[in-house]
Amino acid sequence: MSLQLFNSLKPIQSVWEAIYFVYSFTCLLVRICAVSLYAASINDASKECTGVLFSIPSESYCVEVSRFLTQVTSDDLALTGCKFFSVTRTLMLTIAGTIVTYEIVLVQFNAVTGDSNVDNSTRPCRYIQLD
């Protein structure tokens with residue numbers, strides 16, 4: 001996605017190229033959003049049953065309900081990335097904000113340079129005079 005965002009800074013030559021870019025970028029964005037929101041909904045769905053468990057009448061309350069309530073409220077049920085992070089809506093919004101910030105920086109950098117195809121290669125100097 002970042003590569004496609006970066007390539008969006010290049011000038012578009014034809015109408016078909018613009019149509020293809022908009023279509024492919026929209027499909028990519030919709031697919032990433034759908035997968036991310038479905039993954040984040042696991043965490044949201046695990047928190048939904050707490051209201052029902054807290055509203056159980058005292059005559060129906062038992063050890064199993066108590067254990068389940070403790071497990072639901074204390075454990076974090078979510079998809080993880082090798083247990084380094086949990087996929088939640090907060091994480092998804094943070095990633096989206098980072099991508100938007102990255103794109104804004106790229107647009108501003110492109111506006112300053114004026115050309116996205118600037119040659120930054122180093123060339124050897126052939127005429128060096130040493131005293």
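Helices here are DSSP runs of at least four residues, numbered from the N terminus. Keep in mind that this is a predicted model.

**Exercise 1.** Find the helix that holds Ile19, and decide whether Ile19 is buried, partly exposed or exposed.

*Solution.* 
- Step 1: Look along helix H2, which covers residues 15–54; Ile19 is found there.
- Step 2: Take the relative accessibility of Ile19, which is 45%.
- Step 3: Buried means under 20% and exposed means over 50%, with partly exposed in between. Ile19 at 45% therefore counts as partly exposed.
- Step 4: Together with Val15 and Trp16, Ile19 makes a nonpolar surface patch of about 390 Å².

**Exercise 2.** In the loop between H3 and H4, examine the phi angles of Cys82 and Lys83, then say how exposed each residue is.

*Solution.* 
- Step 1: Locate Cys82 in the loop between H3 and helix H4 (89–113). Lys83 is found in that loop too.
- Step 2: Read the angles. Cys82 has a positive phi of about 55°, although it is not a glycine. For Lys83, also a residue other than glycine, phi is positive and near 60°.
- Step 3: Compare the accessibilities with the 50% cut-off. Cys82 has a relative accessible area of 67%, so it is exposed. Lys83 stands at 77%, so it counts as exposed as well.

Conventions. Residues numbered from 1 in each chain as written. Predicted model: local features only at pLDDT ≥ 70, side-chain atom pairs only at ≥ 80, totals over all residues. Heavy atoms only, no water. Patch = residues over 30% accessible without salt bridge, like charges linked within 9 Å, V, L, I, M, F, W, Y side chains within 5 Å. Areas by Shrake-Rupley, 256 points an atom, 1.4 Å probe, with all protein chains shown as cover. Salt bridge = Lys/Arg side-chain N within 4 Å of Asp/Glu carboxyl O. Helix = DSSP H or I, 4+ residues; strand = E, 2+ residues; numbered from the N terminus. Buried < 20%, exposed > 50% of the residue type's maximum accessible area, 1.4 Å probe, protein only.
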